[in-house]
Amino acid sequence: MTDDWKIETLAIQGGYKPGNGEPRVLPIAQSTTFKYDTVEEAAALFDLEAFGHMYSRISNPTVEAFEAKIAALEGGVGAMAAASGQAATTMAILNICGSGQHFVASSTIYGGTFNLFTHTLKKLGVEVTFVDPKASIDELRKAFRPETRLVFGESLSNPGTDVLDFDKFSTLAKEFDVPFMVDNTFPSPYLCQPFKLGADVVIHSATKYIDGHATSVGGVIIDSGKFNWNNGKYPELTDPDPSYHGLSYTETFGEMAYIVKCRTQLLRDFGACMSPMNAFMCHNGLETLHVRMDRHCENSLKLAEWLESNPYVSWVKYPMLKNDENYELCKKYLKGGSGVLTFGVKGGREPGAKFMNSLELAAIVVHVSDLRTSVLHPASMTHRQLNDEEQKACGVTPDLVRVSVGLENIDDIIADFDQALKKAQI
Ligand SMILES: Cc1ncc(COP(=O)(O)O)c(C=O)c1O
């Protein structure tokens with residue numbers, strides 16, 4: 001029966017399943033470790049012969065419940081929570097891509113991910129080629145090499161709100177026999193289902209709509225279980241692993257190979273795990289995801305339409321605006337435009353800053369995607385470390401203001417923007 005449940009039901013009923021007499025609400029297992037009666041039982045866990053919790057760096061019952069809920073929502077075979085979205089992206093890539101290897105990524109991605117790919121992964125010998133996601137498929141083909149191990153994109157980009165062309169990227173992934181990895185943070189599984197659109201691995205910054213209340217930093221990787229790793233390119237998954245007595249992940253774990261290896265090797269060794277408390281908050285957040293996302297979409301579209309008609313605004317970008325360049329892709333792949341829009345204040349950077357400083361309801365915060373309306377200036381905040389060319393590639397212009405539209409009454413949000421835009425022009 002659970003197989004037939006719709007996403008709204010899975011958001012509430014998926015994940016934690018209490019047994020008779022157990023707490024109705026997910027308990028927080030605030031324990032570093034777990035007790036066993038015999039040495040043999042504990043040893044079987046170390047050998048991956050039995051599943052069970054032994055140490056919360058690797059797994060924990062509260063974290064496991066969150067993982068089960070998000071895996072159900074995305075339609076994956078398994079998930080692995082991480083300390084942050086950045087930790088999730090790092091581990092998702094290093095799980096299948098090492099020194100001397102390469103991957104292809106859309107250039108319209110979050111500034112922190114851009115930095116990670118350009119500088120930190122490079123230091124580890126992993127090379128990235130950024131591509132313009134709007135380029136033709138023939139142009140994109142040129143970026144792939146024999147040592148390419150994956151292709152990466154954001155379903156809805158931060159901050160540019162560009163919708164990924166799933167057909168184009170999944171066609172390339174299939175052609176070059178590499179997995180298609182999608183950061184689905186901005187739409188959340190409620191608005192976009194990447195596995196139904198050809199993705200093989202999904203990652204999230206759970207810090208955003210999954211938590212939804214700006215209480216917890218977290219990340220998660222979800223495995224579709226569909227990619228065939230036995231194509232000669234991924235010996236780390238198919239060949240014996242000396243750190244687990246010569247076990248082969250594909251032989252032992254089948255469709256769960258990728259996600260089991262990620263946990264038992266990378267989470268074990270890097271230790272970037274999610275805390276039980278944050279897993280509890282994210283599990284709780286997911287229970288209202290569908291209700292919140294509908295309202296985020298509704299408020300954002302109303303604000304975008306109002307901004308479009310405002311004399312102090314030079315441009316507005318929101319994928320559900322009918323004349324937006326992403327409108328057709330948004331209608332094709334997403335159930336709504338999500339809660340983030342960008343716009344330019346007439347006059348550029350200076351009136352833009354004045355507008356932001358004049359807001360009373362919306363706050364300036366380095367965050368998006370929670371229930372309080374907030375604004376940010378990417379060129380001087382999230383994308384500050386990028387040079388002008390890199391900022392341009394990410395879709396960041398000097399006048400761009402990013403708005404995370406919250407769940408307050410839309411009339412109050414508009415009134416706040418109205419008074420601040422008027423002050424910005426004085
Ligand atoms: C699309 C996207 N991916 C990944 C991240 C990184 O997530 P975190 O801040 O949880 O490390 C962010 C953060 O803003 C993001 O917007």
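Start by selecting the five strands that form an open sheet in the order 8-9-12-11-10, with mixed pairing. Two strands count as paired if DSSP finds at least two bridges between them. Strands are DSSP runs of E with at least two residues, helices are runs of H or I with at least four, and both are numbered from the N terminus. Strand 8 (313-317) and strand 10 (363-364) each have a single partner strand, so one side of each has no neighbour in the sheet.

This is a predicted model, in which local features need pLDDT of at least 70 and side-chain atom pairs count only at pLDDT 80 or more, while totals for chains, interfaces and linings use all residues. Residues are numbered from 1 along each chain as its sequence is written.

Next, select strand 10 with strand 11 (residues 374-376): the two run parallel and are joined by two bridges. Here I364 stands opposite V375 of strand 11. Axes are lines fitted to C-alpha atoms, for helices over the stretch in contact, and angles run from 0 to 180 degrees between N-to-C directions. Contact between two residues requires their C-beta atoms, placed from the backbone, to lie within 7 Å.

Move to the sheet of seven strands, which is open, mixed in pairing and ordered 1-7-6-5-4-2-3. Its edges are strand 1 (78-82) and strand 3 (127-131), each pairing on one side only. Neighbouring strands in this sheet are turned by 20° against each other on average, direction ignored. Select strand 5 (residues 180-183) and strand 6 (residues 201-205) to see a parallel pair with three bridges; V182 stands opposite V202 of strand 6.

Ala, Val, Leu, Ile, Met, Phe, Trp, Tyr, Cys and Pro count as nonpolar, Asp, Glu, Lys and Arg as charged, and the others, Gly among them, as polar.

For a helix pair, select helix 3 (residues 61-74) and helix 12 (residues 276-286), whose axes come within 8 Å and cross at roughly 30°. The residues that meet include F66 and L73 in helix 3 and F280 and L286 in helix 12. This contact divides into 10 nonpolar, two polar and one charged residues.

A second pair is helix 13 (residues 289-308) with helix 17 (residues 410-424), packed at an angle of about 35° with axes 10 Å apart. N299, K302, L303 and W306 of helix 13 make the contact with I410, I413 and I414 of helix 17.

Finally, colour the chain by domain: domain 1 (2-286) and domain 2 (290-424), with bounds from an automatic or database domain assignment. Their centres, taken over C-alpha atoms, are separated by 29 Å. The contact takes 31 residues from domain 1 and 34 residues from domain 2.
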